[in-house]
Amino acid sequence: MHLLKRWRKRGYLKGLAINTIGLTAGKQIEKPGPSDVLAMKRLILLFSFSFSLYSAFAQKINLDSLLRVAISRESKTKTIFSTNRDSLLKLFPSTTSTSARIKLIYDIIYNNGLLSRDQAFYYHNKILNLARKENDPVCEAIILSELGDMYYGYGDMTRGLEMIDNALKLAEKTGNKQAIGIVYHNYAFCYQDDIYYNKYYNQKALLFSQAAGDDLFVGIELLNLGEKYQTEHKADSANYYLTKSFELSLRKDIAPLISYNLIALGTQTNAKLKLTYFRVALNMPFTSTNPLILCNVLDSIASYYKEQGTIDSSLYYAKRGYNAANNSFLTKIIWSAHFLSQLYRGRNADSALKYQDIYYDARDSLFSLTKVRNAQLQTNKEQQRQQKIAVQKTAYQTRFQFYILLLIITFLLLMALVFWHNNNSKHKANLLLHEQKDKIQQTLKELKLAQQQLIQSEKMASLGELTAGIAHEIQNPLNFVNNFSEVSIEMLEEMELELNKVDASSIKVIVADVKQNLEKIKHHGKRADNIVKGMLQHSRVGRTVREPTDLNKLAYEYLQLAYHGLRAKDKSFDTEIETNFDRALPLINTVAQDIGRVLLNLYNNSFYVLQQKQKTEGGNYKSIIKVSTTLNGQFAEITVWDNGTGIPDAIKDKILQPFFTTKPTGDGTGLGLSISYDIIVKEHNGKITVNSKEGEYTAFTISIPLK
């Protein structure tokens, strides 16, 4: 598991954040330099994304149990083995695995001790050149985003953002989720002052890290989120996310994450357990190998003992923290020296003065007092200049307001005259508008009435087309009714003969047969009744109530009616019919007769083009119509496909318009598809789409929402 810069910078900034405690009473610390800005943005990356991201699968975790697990690993946790960076650089070309190369990158730039600014830029650029030389876009994107992050932190924000932009384009091109997550992670730091973009980029970083299985980054983001809730004083949320991060660090044995979680949870818990968390963190092997984490733990323990009033213990751990800094971490020296000077104040004047001098010397070295004085002088000059500008601006605004007032008065007088002059004209215009409005409304009513009549005419026309098909369909059940009635009569006559013979077994057989025949008569009678009802509903005027509809059955019935209707007109017409109905399709609330009209229009159009193509191409052409249903998300779809003449691209956008038709005069009204569009889209909130290739095929798909 590679260790990212987050541990270095987060640890570095943890102390810096603590330094501000208690200093407001004295002289405020000046603005940090570029190196501290780079570090500071790691701590500020604390935001809130949807709490439900983990709640769907999270289980309640007992912190006491996790703490016991951490204690059991105090002597077992893995530590980082330090290796010469130049030796690691030589391994890069021979390392072929992408994950191994990514680990190698972070071993070079972060996991083997801290680097100075010049060293950091040197090794970042060396890795970038190696990645480009080896044609490794994944590693190139990662190191480019890290380099951009450094430039941004050291003040060259434009160049830094440009590098990260290029890194994101490169990472997205590779599709490597781990690389994309790292780039978004660096993006978030650049937008730390904009909570919206900071949260947006950090959420994306977390999502991609989870998708890539990058446990380290997932743990980091959970920890960041927990600490963010700490600063917002939302203890429950902070405890949730910190616990999730702590559990992950223990399960995956991520040593730095364990140490930092112990510190964060220690600040979150009550005073009785706080010291336990800090001591466990102190005893972690990784803590002893990392000066920054060691300083943070020691400073936390020192602060705890000061809060408890145990000054001797606080002095002991504060001195250890000061010695751990070892002149390498100036911000930690500043905090420790200031903390020690406060502890010694009133107890040992010499020691208090000694650490106070160390504090001021370190602070002056870090923040450059000369620059501060110059900045203060420049600020005073700027304030004087701004005051002068403000006086001039006030005088100018006074004159400007006076002239504006005169202009407004003049304008109001002119407007009053204009309004008075035009008042009568407007009154007359309003009367004329009302008259025109009444005429338009009357015309609209007449148009709507004509539209309803036209639609009813189209329904009756389609009903006429159905007549032959209905006659064919209804003939079958009526034949069954007649045949089974005759057979039943004959069986009853046989039963009378058998009764005379008193043969009980023969009577039972005949009774069973008669019963079966009567059931078939009932079945086919109902079928004939349904056909007649459907015909009546089809011709009914006005809206009807929606009811659960079996689209498979509806599609098949209207297919048969349309086919037999055309066959009744043209006996020579024949085509192959294929159906593929989705049996899992649920019942859907629709106006069945309206959907039937849509299907009838589509079927009639398909049979028409198949018939025309048969006439032009002769026996070499085999016509096919395919009808299928399927469940597509929240929609039920019915597709009618035929291998007819197709639809030219030039008229595809017109076929759903009213009165547009490609049929000869007298063969079509041009309203079928227009009415079908209104039924599906406007009345059922569905969709109707067409896919066609001229001369080869046409496919209409209607989509009806399930709810």
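Me: Is Arg101 buried or exposed?
Reply: This is a predicted model, in which local features need pLDDT of at least 70, side-chain atom pairs count only at pLDDT 80 or more, and totals for chains, interfaces and linings use all residues. Residues are numbered from 1 along each chain as its sequence is written, and side-chain values use heavy atoms, with hydrogens and water left out. Buried means under 20% relative accessible area, exposed over 50%, and partly exposed in between (1.4 Å probe, protein chains only). Since the relative accessibility of Arg101 is 8%, this residue counts as buried.

Me: Which residue forms a salt bridge with Asp136?
Reply: A salt bridge is a side-chain nitrogen of Lys or Arg within 4 Å of a carboxyl oxygen of Asp or Glu. For Asp136, the closest N and O atoms of the pair are 2.9 Å apart, and the partner is Arg101.

Me: How many residues apart are Asp136 and Arg101?
Reply: Helices (H or I, at least four residues) and strands (E, at least two) are DSSP runs, numbered from the N terminus. Asp136 lies in the loop between α7 (117–133) and α8, while Arg101 lies in helix α6 (residues 98–109). Asp136 is buried, with a relative accessible area of 9%. The pair links distant parts of the chain, and the separation is 35 residues.

Me: Which residues are linked with Arg101 in a network of salt bridges?
Reply: By the rule given above, the count of salt bridges comes to 10. Arg101 belongs to a network of them, together with Glu134 and Asp136.

Me: In which helix do Arg251 and Glu247 both lie?
Reply: Arg251 and Glu247 form a salt bridge whose closest N and O atoms are 2.8 Å apart. The two residues are 4 residues apart, about one turn of the helix, and that helix is α13.

Me: How many residues apart in sequence are the parts tied together by Glu576 and Lys622?
Reply: The side chains of Glu576 and Lys622 meet in a salt bridge, with an N to O distance of 3.1 Å. Glu576 is in strand β2 (residues 576–580) and Lys622 is in the loop between α24 (592–617) and β4 (624–632), so the parts tied together are 46 residues apart in sequence.

Me: Is Lys622 buried or exposed?
Reply: Glu576, the partner in the salt bridge, is partly exposed at a relative accessible area of 28%. For Lys622 the relative accessible area is 56%, so Lys622 is exposed.

Me: In which strand is Thr590 placed?
Reply: Thr590 counts as buried because its relative accessibility is 0%. Contact means heavy atoms within 4.5 Å; leaving aside neighbours within four places in sequence, Thr590 is in contact with residues including Val545, His684 and Ile704. The strand that holds Thr590 covers residues 588–590 and is β3.

Me: What distance separates the C-alpha atoms of Tyr151 and Leu161?
Reply: Tyr151 is found in helix α8 (residues 137–153) and is buried, with a relative accessible area of 15%. Leaving aside neighbours within four places in sequence, Tyr151 is in contact with residues including Phe121, Asp156 and Met163. Tyr151 and Leu161 are 10 residues apart along the chain, and their C-alpha atoms are separated by 8.5 Å.

Me: Near what value is phi of Asn685?
Reply: Asn685 lies in the loop between α25 (672–683) and β6 (687–693). With 58% relative accessibility, Asn685 counts as exposed. Phi of Asn685 has a positive value in a residue other than glycine, near 55°.

Me: What percentage of the residues in the protein is buried?
Reply: The secondary structure comes to 25 helices and 7 strands. The protein has 707 residues, and the buried share of them is 45%.
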